[in-house]
Amino acid sequence: MMPANEIKVADNATPRKRIGRITMAKREAIAGWLFILPILLGFLVFVVFSIIYSMVISLTKWDLLTPPVFIGLENYAEVFRDERFYQVLYNTVYFVIGIVPTVLILSMLIAIGLNNKVNKMANFFKISFFMPNITSSIAVGMIWLWIFNPTDGLINTILFSLGISNVPQWLQSTTWAKPALIIMRVWQMWGYYMLLFLAGLQTIPQTLYEAAEVDGARKWKKFRYITLPMLSNTTFFVTIMLIIGAFNIFEAIFVMTEGRPAGTTNTLLYYIYYNGFQTYRMGYASALAWILFAILFALTLIQFRLRRKSEDM
Amino acid sequence: MECVDLRIKVGQIVFYIVMFFMSLIMIYPFIWAVTSSFKTTAQLYSGNPFDVIPNPFTLYSYKKIMEILPVWRFALNSLFLSTLVPVLQIALASMAAYSFARLKFKGKNVIFLMFLSTLMIPGHITLIPNFIIMRVLHWTDKYVALIVPPLVDGQNIFNIFFLRQYFLSIPKELEDAAIIDGCSFFKVFKSIILPNAKPALATIAILSFNTIWNMFLWPMIVMQTYEKMPIQVGLAYLKSAVSTNMGELLAGSTVAIIPTIIVFLVFQKYFIKTIVNTGLGGQ
């Protein structure tokens, strides 16, 4: 008979030591739950319950002053009849098309240029390119309000000095407001994606390039046949994040245009905010939120499918 | 051979010049904004957008914004939140991460997957329901509303995975020895895991400081009293109060961005390393 408190340890098993009547394994399980408990509780309330609650709210008509009224899928039906929804959708797609390729190309090219340069200058460049990313879009938006000022802003002053008199009215023009926001967001975002590409480039073995040089390949060939394919994972990840990012523009719009002029800078996210917190249509706003989620989900799914297809080829 | 060398060198020089101008484009708006916040109204509207030396140097704009709104109170609120919330976030996330990394219990995988799957749900879905929950709990216009929800937002859930990964890389022998010696799991967590995870914890703290400082939408819909607003919300209110007065808006913007810029410049390695290693950390 072995003494009751002798420890038997086998490989990776938890020691079956008995303290009182509770086994080590049970103590571990209790500890496991206790460590998770605080965040789990918060999570259950503010994430799980919230998501379900959001679905429920989207089936109601609720202005917060009077009790909610169950109206089924009426909100969703109304979205598809809402003219502003289609304008908002168009604007959002416009932003996606304006931002995604621009940032993709810009950040990839500069990442390639800065790759393998480890001097202080290169570091300075990386820091300065990424810096706008960490600053609040509200404050940055204010600064860009001046940059885009039609009469004495930075850009138009430069254009005037170049002799151009018919300058864009930027945030006050129905044609130029979206491009202005695109410029501002590209400026703010691309540094982050450049860092992602730098990370991706680090994984490409130098030997591939050396072998190509031996074969006489010049810059373009190296880029086309080594860099680009080896970066395909990073590019895929960047593209997904960029699309989601383009859908998520909010603070810049809030501080610079509030959806104006004439609703040309109203995006889906801003429209959700407008419906929820300016006109207090909680049900309608929630339905819009789920539609936005559905769109993003579908887009991501499509990208994964496309990727799998291209990998099979 | 010399021709090729020369071409490469010229190419390099051109590249560096282009990069330099790009850097200028990235930083100039900040330089202009900060220096202009110290200019007189006359100098501000003098029409030269490249004038970055305040002459004379004046705190006029700052004094004016203080008369309109308690801007320094806003900054203090943000400072308070940006230091308290990350600490709490780390506490909760590290405990959960330790549990996932080292402790065995029934249902662990289910909960892990549950956390993981919600990372894909964008934040705008929970915006409205969480707002209503705040009302129900009578937390609106109270600091609790700005402290508790961020403890379970996407960023902190991600922190759990980030820390779990790090904890898994800590050699288990230390903990096993301690446990055999009779240490409670909490003691192991406190005295072995945490001290060995300092770089990861620091990274989270710094990135979290930045995120909380930049918080805008949630505080705006949840807080009502001016004195309790964090800086970004206060800045938005400043804009509606001041509308187009450039100097004042820039003074407010400067207050709103200088801390994050300083933290970034001091700790840039943490930001950049996290992005390069995990891909997350951007806006």
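Predicted model: local features only at pLDDT ≥ 70, side-chain atom pairs only at ≥ 80, totals over all residues.
## Where the chains meet

## Domains of chain A

## The largest nonpolar core

The largest nonpolar core has 149 residues. Two of its members, A:Tyr193 and B:Ala96, touch the most other members. Helix α7 (residues 177-202) of chain A gives the largest share of this core, 14 residues. Both domains of chain A take part: the core draws at least three residues from each of domain 1 and domain 2. As a general rule, nonpolar side chains tend to be buried together in soluble globular proteins.

Now look at B:Ala96 itself. Leave aside its neighbours within four places in sequence. B:Ala96 is then in contact with A:Phe35, A:Ile36 and A:Ile39 from chain A, and with B:Ile160 from chain B.

## Helix α10 of chain B

Helix α10 (residues 185-196) of chain B has twelve residues. From its first C-alpha to its last, α10(B) reaches 15 Å, close to the 16 Å expected at 1.5 Å a residue. Which of its residues are buried? They are B:Phe185, B:Val188, B:Phe189 and B:Ile193. Seen down the axis of α10(B), the buried residues fall within an arc of 95°, so they line one face of the helix.

That buried set packs against helices from both chains. Chain A supplies α1 (24-57). Chain B supplies α4 (71-102), α8 (154-168) and α9 (172-180).

Just after α6(B), B:His138 takes a positive phi of about 60°.

B:Pro149 sits in the loop between α7 (144-147) and α8 of chain B. Is B:Pro149 buried or exposed? It is buried, because 24 other C-beta atoms lie within 10 Å and 20 or more count as buried. Not counting residues up to four places away in sequence, B:Pro149 touches A:Phe46, B:Asn130 and B:Trp218. B:Pro149 and B:Asn130 are 19 residues apart in sequence and 8.2 Å apart in space, C-alpha to C-alpha.

## An exposed loop residue

B:Thr225 lies in the loop between α12 (217-222) and α13 (231-242) of chain B. B:Thr225 is exposed, with 8 other C-beta atoms within 10 Å. B:Thr225 and B:Ile180 are 45 residues apart in sequence and 54 Å apart in space, C-alpha to C-alpha.

## Backbone details

Most residues other than glycine have a negative phi, and most peptide bonds are trans. Here are some exceptions. A cis peptide bond joins A:Arg260 and A:Pro261, with omega about -10°. A:Pro261 is in the loop between α11 and α12 of chain A. The bond from B:Asn55 to B:Pro56 is also cis, with omega near 10°. B:Pro56 is in the loop between α2 (41-44) and α3 (60-68) of chain B.

A:Asn116 has a positive phi, near 65°. A:Asn116 is in the loop between α3 (83-114) and α4 of chain A, and counts as exposed with 12 C-beta neighbours inside 10 Å. A:Glu258 has a positive phi as well, near 55°. A:Glu258 is in the loop between α11 and α12 of chain A. With 13 C-beta neighbours inside 10 Å, A:Glu258 counts as partly exposed.

Note on methods
Residues numbered from 1 in each chain as written. Chains lettered and ligands numbered in written order. Core = buried A, V, L, I, M, F, W, Y, C linked by C-beta atoms within 7 Å. Helix = DSSP H or I, 4+ residues; strand = E, 2+ residues; numbered from the N terminus. Domains from an automatic or database assignment. Contact = placed C-beta atoms within 7 Å. Expected span 1.5 Å × (residues − 1). Arc of directions from axis to C-beta.
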